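Reader: I'd like to go through this one feature by feature. Could you give me the general idea each time, then the case at hand?

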Amino acid sequence: MHRYFHVAMNVRLITILGIVLFMIAACNDDEGMLLSYQHSVQVGVYSRHTGNDTTLTEVKVYGIGREDSLLYDEPAVKEFFLNLNMHQDTTRFAIQTHSISDELTFIYSRHTKPASGSAGITMEMKVDSVSSAYVFIDSVAITYPYIKYNESIENVQIYIY
């Protein structure tokens with residue numbers, strides 16, 4: 001009986017360990033849990049003069065204070081997506097068009113929600129404010145402050161000179 005008890009405990013321990021390892025592998029990212037990678041602000045580019053959407057040319061976008069600094073290097077953009085830092089409440093970006101550079105600073109709040117139908121959690125964010133250095137950006141408008149899992153809605157409009 002004593003030997004059977006140890007074998008049964010070992011089998012249970014191995015089973016539990018296997019389940020835990022499977023869950024970690026299934027939900028693995030840099031924090032060991034499933035978080036939404038759709039935590040990007042969708043930015044539209046508009047003309048200050050006409051109010052219509054417009055195009056920035058020779059665009060480079062950098063994340064300020066990030067290892068993966070260059071986010072965009074495109075000949076032209078009408079919209080772009082900026083990943084917010086999930087570990088802070090402020091994220092800064094440098095936007096360059098031709099040889100002119102401007103900055104955008106996002107201040108936001110973060111909330112975790114259980115993921116439906118899968119392991120882990122998702123992150124929902126709310127943009128509280130956006131500011132610019134106002135070099136070539138005339139103004140910034142928050143059109144939809146919520147950044148939620150599986151939504152594709154323009155959050156911010158930047159108006160350029």
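Author: Happy to. Keep in mind that this is a predicted model.

Reader: How many bridges hold strand 2 to strand 3?

Author: There are 6 bridges between strand 2 (residues 56-63) and strand 3 (residues 70-77), and the two run antiparallel. Then step to T57, whose bridge partner in strand 3 is A76.

Reader: And which residue of strand 5 is the bridge partner of G63?

Author: That's F93. Strand 2 and strand 5 (residues 90-97) are antiparallel too, joined by 5 bridges.

Reader: Now a charged residue. Is D102 buried or exposed?

Author: Buried, and without a salt bridge. For a salt bridge, the side-chain nitrogen has to be within 4 Å of a carboxyl oxygen. Here the nearest side chain of opposite charge is R92, 9.9 Å away. D102 lies in strand 6 (residues 100-114).

Reader: So what does the side chain of D102 make a polar contact with?

Author: With the side chain of S132, at 3.1 Å. Leaving aside residues up to four places away in sequence, D102 touches F93, A94 and I95, along with S132, A133, Y134, V135, F136 and I137.

Reader: Last topic, the aromatics. How do I read a ring pair?

Author: You describe two aromatic rings by the distance of their centres and the angle of their planes. This structure holds 4 aromatic pairs. One of them is Y46 with Y159, a tilted pair at 5.5 Å centre to centre and 35° between the planes. That pair links distant parts of the chain: Y46 is in strand 1 (residues 40-47) and Y159 in strand 10 (residues 156-160), 113 residues apart.

Reader: Why is the pair of Y144 and Y146 edge-to-face?

Author: Because the planes of Y144 and Y146 meet at 70°, with the ring centres 5.8 Å apart; edge-to-face calls for over 60 degrees.

Technical notes
Residues are numbered from 1 along each chain as its sequence is written. This is a predicted model: local features need pLDDT of at least 70, side-chain atom pairs count only at pLDDT 80 or more; totals for chains, interfaces and linings use all residues. Side-chain values use heavy atoms; hydrogens and water are left out. Helices (H or I, at least four residues) and strands (E, at least two) are DSSP runs, numbered from the N terminus. Buried means under 20% relative accessible area, exposed over 50%, partly exposed in between (1.4 Å probe, protein chains only). Lys and Arg count as positive and Asp and Glu as negative; His and the chain ends are not counted. A polar contact is a pair of N or O atoms within 3.5 Å; within protein, one must be able to donate a hydrogen and the other to accept it, and residues adjacent in sequence count only if both atoms are side-chain atoms. Contact means heavy atoms within 4.5 Å. Two strands pair if DSSP finds at least two bridges between them. Rings of Phe, Tyr and Trp (its six-membered ring) pair if their centres lie within 6.5 Å; planes under 30 degrees apart count as stacked, over 60 as edge-to-face and the rest as tilted.
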